[in-house]
Amino acid sequence: ALALTREDKAMLAGEEGEATRQAMRIICAMASQQGASRLIDVTRGHIDGCIYASPANLTFAERFVEMKARVRVPTTMNAISVDRANWEHQNLPNSFGVPAAKLADAYVQMGCKPTFTCAPYLLRDVPEKGESIAWSESNAVIYANTVVAARTTKHPDFLDLCIAITARAPESGVYLDD
């Protein structure tokens, strides 16, 4: 019962590439699980899934890079698991440092801004009241919804990237007026 726009259907059909098709497929599945009847536009994103927690994080991001994924809204990145420029000098094992740095690089390759902060609201471009955004970092979501009065759900890892790629999110939760 998910009502899709012509543009949504085109993305889902692969007319904008395989990465966008896969991202839209995931968003539609999540929308169904959340009971959303449609998708909404979002104007910006903040990726929480750039923290290296397991090989799955890197596999997911690198697969989207291979499919030539690009974010279509301005998208910032959360703090990452290592000091991207100096981790090799901090006695971290390569088994952790290499994939953590590769994960950050993958998101940058997809067009995310390498802000590496869990507080995107401290950057210059702050959302406006009523703006629908897709932030995933817990404290940023609270700040956006309360202090700024923008609207964002605490999107799970991986879905945050899919939303940034399509600029569409399930209309559920705090995105609803009621």
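**Note on the predicted model**

1. A strand residue to start with: His46 sits in strand β2, which covers residues 45-47. The model is a predicted one, and every value below is computed from it. The relative accessible area of His46 is 0%, and under 20% counts as buried, so His46 is buried. Setting aside neighbours within four places in sequence, the contacts of His46 include Thr75, Thr76, Met77 and Asn78. Also among them are Thr117, Cys118 and Pro120, then Ala134, Trp135, Ser136 and Glu137, and Asp160.

2. Helix α5 spans residues 138-148, and its buried residues are Ala140, Val141, Ala144 and Val148. Viewed down the helix axis, these buried residues fall within an arc of 105°, so they line one face of α5. An α-helix has 3.6 residues a turn, so residues three or four places apart point the same way. On the face of α5 turned away from the buried side are the exposed residues Ile142, Thr146 and Val147.

3. What covers the buried residues of α5? The cover includes β4, residues 134-135. Just after the helix, Ala149 has a positive phi of about 65°.

4. Next, the aromatic rings. How many aromatic pairs does a search of the whole structure find? The search gives four. One of them joins Phe60 and Phe64, a tilted pair with 4.9 Å from centre to centre and 50° between the planes. Both residues belong to helix α3 (residues 55-66); because they are four residues apart there, about one helical turn separates them. Phe60 is buried, at 17% relative accessibility, and so is Phe64, at 3%.

5. Tyr121 and Tyr143 also pair: their ring centres are 3.9 Å apart and their planes are at 15°, so this pair is stacked. Tyr121 is in the loop between α4 (94-109) and β4, while Tyr143 is in helix α5, so the pair ties together parts that are 22 residues apart in sequence. Are these two residues buried or partly exposed? Tyr121 counts as buried at 17% relative accessibility, whereas Tyr143, at 28%, counts as partly exposed.

6. Ring pairs also make a cluster, which links Phe60, Phe64 and Phe158. Phe64 comes up again in the largest nonpolar core, which has 42 residues. Phe64, Tyr107 and Leu161 are the residues with the most contacts inside that core. At least two residues of the core come from each of α2 (18-34), β1 (39-41), α3, α4 and α6 (159-166).

7. Which residues does Tyr107 contact, leaving aside neighbours within four places in sequence? They are Ile47, Gly49, Cys50, Ala61, Met77, Cys112 and Leu161.

8. Last, Ala106, which is placed in helix α4. At 2% relative accessibility, Ala106 counts as buried. Not counting residues up to four places away in sequence, Ala106 touches Ala61 and Val65. Ala69 is 37 residues from Ala106 along the chain, and the C-alpha atoms of the two are separated by 10.0 Å.

How values were computed:
Residues are numbered from 1 along each chain as its sequence is written. This is a predicted model: local features need pLDDT of at least 70, side-chain atom pairs count only at pLDDT 80 or more; totals for chains, interfaces and linings use all residues. Side-chain values use heavy atoms; hydrogens and water are left out. Buried means under 20% relative accessible area, exposed over 50%, partly exposed in between (1.4 Å probe, protein chains only). The arc is that of the directions from the helix axis to the C-beta atoms. Contact means heavy atoms within 4.5 Å. Rings of Phe, Tyr and Trp (its six-membered ring) pair if their centres lie within 6.5 Å; planes under 30 degrees apart count as stacked, over 60 as edge-to-face and the rest as tilted. A nonpolar core is a set of buried Ala, Val, Leu, Ile, Met, Phe, Trp, Tyr and Cys residues joined through side-chain atoms within 4.5 Å.
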